Amino acid sequence: MAKRDRSDRILTDWDRVFDALADPSRRYVLEYLHDRSEPASVWDLAVALAVRTTDLPPDEVDVQVVEQAEVGIVHVHLPKLQAADLVESAGDGVSLTEHAETLPLFTPAYRGVVRPVGDEEERREL
């Protein structure tokens, strides 16, 4: 049996990754960061999350809702995403890590842009 070098192992803690991805707000934060060319501030993330959860335009979202989203991002979502090595903070901005870019989270199929092959009737026939 050949010995494997320890450096060949994947050092990802998949439990942390799956825990981080379990929450729809954290998945949305990752999508939001992926769609930007520059790091986002925590406030920008909070506004985007508040807009998504209230389904209101940014100028109509109550500032208290944004502040609540900011607290959740700072104290819950970012720590879990950082522990899973999916985001990093640099100065005032938050961005995706290289590790996050390798996950299939941003494919058209994941985002629901591509419909599964065949419709429901075809799948029933199988």
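A polar contact is a pair of N or O atoms within 3.5 Å, where, within protein, one atom must be able to donate a hydrogen and the other to accept it, and where residues adjacent in sequence count only if both atoms are side-chain atoms. In this sense the side chain of Arg26 makes a polar contact with the side chain of His77, at 3.2 Å. The structure is a predicted model, in which local features need pLDDT of at least 70 and side-chain atom pairs count only at pLDDT 80 or more, while totals for chains, interfaces and linings use all residues. Residues are numbered from 1 along each chain as its sequence is written, and side-chain values use heavy atoms, with hydrogens and water left out.

**Overall architecture**

- The protein chain has 6 helices and 3 strands, these being DSSP runs numbered from the N terminus, with H or I over at least four residues for helices and E over at least two for strands.
- Read from the N terminus on, the elements of the protein chain follow the order α-α-β-α-α-β-β-α-α.
- Of the 126 residues of the protein chain, 29% count as buried, where buried means under 20% relative accessible area, exposed over 50%, and partly exposed in between, with a 1.4 Å probe and protein chains only.
- The protein chain exposes about 9100 Å², of which carbon and sulfur atoms supply 50%; accessible areas come from the Shrake-Rupley method with a 1.4 Å probe, and for residues only the protein chains shown count as cover.
- Among contacts in the protein chain with a separation of 6 or more, 51% are between residues 24 or more positions apart, a contact meaning heavy atoms within 4.5 Å.

**The sheet and its helix**

- The 3 strands form an open sheet in the order S1-S3-S2, with antiparallel pairing, and two strands are taken to pair if DSSP finds at least two bridges between them.
- Strand S1 (40-41) and strand S2 (87-90) stand at the edges with a single partner strand each, so one side of each is left without a neighbour in the sheet.
- S2 and S3 pair in the antiparallel sense over 4 bridges; along this pairing, Val87 stands opposite Leu96, Glu88 has Ser95 as its bridge partner, and Ser89 stands opposite Val94.
- Helix H2 (residues 24-34) packs on the sheet and touches S1, S2 and S3, its direction making about 95° with that of S3; the axes are lines fitted to C-alpha atoms, for helices over the stretch in contact, and angles run from 0 to 180 degrees between N-to-C directions.
- S1 and S3 also run antiparallel and are joined by 2 bridges, and the bridge partner of Ser41 in S3 is Gly93.
- The hairpin of S2 and S3 has 2 residues between the strands, and Gly91 takes a positive phi near 65° there.

**Nonpolar core**

- The largest nonpolar core has 29 residues, and those with the most contacts inside it are Leu30, Leu33, Leu45, Leu86 and Val87; such a core is a set of buried Ala, Val, Leu, Ile, Met, Phe, Trp, Tyr and Cys residues joined through side-chain atoms within 4.5 Å.
- The elements that give two or more residues to this core are helix H1 (14-21), H2, helix H3 (42-54), helix H4 (63-83) and S3, and the largest share, 6 residues, comes from H3.

- Arg26 is found in helix H2 and is buried, with a relative accessible area of 6%.
- Leaving aside neighbours within four places in sequence, Arg26 is in contact with Asp19, Ala20, Val76, His77, Lys80 and Leu81.
- Arg26 and Leu78 are 52 residues apart in sequence, yet 8.1 Å apart in space, C-alpha to C-alpha.
- Thr97 lies in the loop between strand S3 (93-96) and helix H5 (98-102), and is buried at a relative accessible area of 4%.
- The side chain of Thr97 reaches the backbone nitrogen of Ala100 at 3.2 Å, and, not counting residues up to four places away in sequence, Thr97 touches Asp85, Leu86, Val87 and Glu88.

**Positive phi outside glycine**

- Asp55, in the loop between H3 and H4, has a positive phi near 60° and is exposed, with a relative accessible area of 70%.
- Asp85, in the loop between H4 and S2, likewise has a positive phi near 60°, but counts as partly exposed at 42% relative accessibility.
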